[in-house]
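Please read each point with the model open.

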Amino acid sequence: MRTIQTSDIIDAVAKMCVSSNTELPADVRAKLEKAMAEETSPSAKEVLRQLLENADLAFDTKLPLCQDCGLAVYFVEVGDEVRIEGGNLRDAINEGTRKGYADGYLRKSACDPLSRANTGDGTPAVIHFDFVPGDKLKISYMAKGGGAENMSRVTMLAPAQGWEGIKKFVINRVAEAGPNPCPPTVIGVGIGGTFEHAAKIAKRGLLRKLDDVHPDPDIAAKEKELEDAINALGIGPMGLGGKTTVLGVKITMEPCHLASLPLAVNVQCHSQRHEEVIL
Amino acid sequence: MAEYRLNTPLTDEDIAQLKAGDVVFLTGTIYSARDAAHKKLVDLLDAGKELPFDLKGAAIYYVGPSPAPPGRPIGAAGPTTSYRMDSYAPRLYSLGLKATIGKGKRDAATRQAMQDYTAVYFGATGGAGALLSNSIVESTVIAFDELGPEAIREMKVEDFPLLVINDSHGGELYAVPDRKAAGIE
C-alpha cells in the first residue's frame with residue numbers, strides 16, 4: 001500500500017483550479033490559431049483574435065480566462081494500492097477547491113437550486129470516482145461553465161435509430177444552441193451505458209486532448225464525420241458565421257441494454273479548461 | 001458596417017442609427033445585472049418601489065464578474081448567456097432601458113420590444129473575460145450585495161467593445177445554421 005496525505009491532495013487540487021482557470025491549454029490555443037488562419041469572415045477572425053489576446057492577458061495578469069470559473073467537476077481514479085491518510089478523499093478535494101477558488105480570485109458559482117443562495121466558496125464540487133489497479137491517484141479537474149453546460153442534452157433513442165439518429169440529434173443540438181454556449185465549442189458525445197452513464201461518459205470524453213485521435217479507427221472516423229458536419233452548419237465563432245463552430249468532437253461509447261440507445265451531448269466552451277494531476 | 005463611439009445615457013437618436021453588425025465603443029456608466037438581480041428588480045417594480053438605478057437611457061450588462069484581485073477594479077468580466085433574462089427584458093425596455101449587453105440569442109418578445117421602444121442588444125465576446133475587464137475602469141456594488149457575483153454594480157467603462165446583434169429595426173446578426181449543408185435536412 002502507498003500512503004497519500006490529504007494535505008498533498010488539497011494543495012494539488014487548489015493549484016490545478018487556479019492554473020486551469022488562468023492558462024489556456026496549449027492544444028486549445030493551437031486549434032484557435034489554426035481556426036483563425038482558416039477563417040475568411042472578418043468578424044469570425046476578430047472573435048478568435050480576441051480569444052487569443054484574452055488568453056495572453058489572463059496568463060500575464062493571472063486573471064481568470066472567463067468570469068465563469070465553472071462548477072468544479074472532477075474525475076478521480078483511485079489506485080487499489082492507495083491509502084489516503086489525514087482524512088477523507090472527497091473532503092480533501094472539496095477543501096482544495098475551496099482554497100483554489102479563494103486563492104485565485106475565481107468566481108464561486110455553486111448555489112442552491114431553488115433559493116439560488118450561493119454557497120460562497122465554490123463547493124460542493126461534482127466528483128466522479130473510479131477504482132483502478134495500481135498505487136497512483138489521478139485527479140482530473142474540469143471548470144464547467146454554466147452557459148455551455150445549459151446547452152447539453154441527454155436523450156434515449158430507439159436502437160433502430162442507430163448512427164443516423166445519433167448524428168442527427170448531435171448536429172441538431174449544436175444548431176439549436178447556436179451562439180449561446182460560446183462557440184467554437186468542444187462536443188462530448190456519450191453513446192451507450194444507461195441514462196446517467198451516457199451523460200457521465202460524454203463529459204469524461206472532454207478530458208481528452210483536442211488533437212488526439214481516438215484509438216478505435218471507426219470511432220475516430222465518426223468523430224471526424226460529426227466535426228465536419230457541425231462545422232458545415234456555419235454558426236461560427238460566437239455565432240457570427242464562419243467555418244469554425246467546433247474545435248473538436250469526442251465520442252465515448254460503452255455497451256448498453258438491448259432495448260436502449262442512450263445518447264448524451266455535453267457542450268463545452270472554447271476555453272476547454274481542464275487539467276490532471278497524478279499523485 | 002459602421003463604427004460608432006457612444007456615451008451613456010443613450011438616446012433614441014443614438015440607438016436608431018445602429019444596424020446589426022455595427023461596432024460600438026461605449027463609454028460611460030453601465031450596470032451589471034443577471035438572473036437573480038433581474039428577479040429582484042422586477043419584484044421592486046411589482047411592489048411599486050424605486051429601482052437602485054435610473055433605467056432611462058441605461059445599459060445593462062449581463063455579467064457576474066470574478067472577484068477583483070488586489071490593484072484591479074474588477075476581475076474577469078465577460079458576458080453571460082442572455083436568453084435567461086428574456087422574461088424580464090421587454091418590461092425593462094418599456095421603462096426606458098436602451099441597451100442590454102450579453103451573448104447568445106434573444107426571444108421574439110425581446111426582439112419585438114427593441115423595435116417598440118427603440119432599444120438595442122449588444123454582443124460582447126463570450127469568454128473574453130480578462131480582455132473585457134480592461135475596459136472597466138471602476139466598479140461599485142450599488143444593490144443586492146448579498147447576491148455576491150450577481151449583485152448590481154455600477155461600472156464606469158471606456159471604449160467598451162460591442163457588436164450590434166439586434167437593432168431597433170428588426171435586424172439580427174447571428175448566422176442561421178445551415179442544416180442542409182450539415183446533412184440533416
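**Note on the predicted model**

1. Helix 1 of chain A and helix 4 of chain A are oblique to each other, a class that takes in the angles left over when those under 35 degrees count as roughly parallel, over 145 as roughly antiparallel and 65 to 115 as roughly perpendicular. Their packing angle is about 40°, and the axes lie 7 Å apart; axes are lines fitted to C-alpha atoms, for helices over the stretch in contact, and angles run from 0 to 180 degrees between N-to-C directions. Helices (H or I, at least four residues) and strands (E, at least two) are DSSP runs, numbered from the N terminus.

2. The model is predicted: local features need pLDDT of at least 70, side-chain atom pairs count only at pLDDT 80 or more, and totals for chains, interfaces and linings use all residues. Residues are numbered from 1 along each chain as its sequence is written, chains are lettered from A and ligands numbered from 1 in the order in which they are written, and side-chain values use heavy atoms, with hydrogens and water left out.

3. UniProt, in an unreviewed entry, lists residues 11-277 of chain A as "domain: Fe-S hydro-lyase tartrate dehydratase alpha-type catalytic"; such annotations may be inferred rather than shown by experiment. This span is 40% helix and 24% strand, with its end C-alpha atoms 11 Å apart.

4. For chain B, an unreviewed UniProt entry gives residues 5-175 as "domain: Fe-S hydro-lyase tartrate dehydratase beta-type catalytic". Here the chain is 22% helix and 27% strand, and the end C-alpha atoms are 25 Å apart.

5. Two cavities of 30 Å³ or more are present. On a 1 Å grid over the protein atoms alone, a cavity is a set of points where a 1.4 Å probe fits but cannot get out, and lining residues have an atom within 4 Å of a point. The largest cavity holds about 50 Å³, a volume being the space filled by probe spheres set on the points. Helix 6 of chain A gives the most to its lining, three residues.

6. The second largest cavity has a volume of about 40 Å³. Its lining includes A:L24, A:H270 and B:G127. Helix 3 (residues 42-61) of chain A supplies the largest share, three residues.

Conventions: 1 Å grid on protein atoms, 1.4 Å probe; cavity = no way out; pocket = protein on both sides within 12 Å on 5 of 7 lines; lining within 4 Å.
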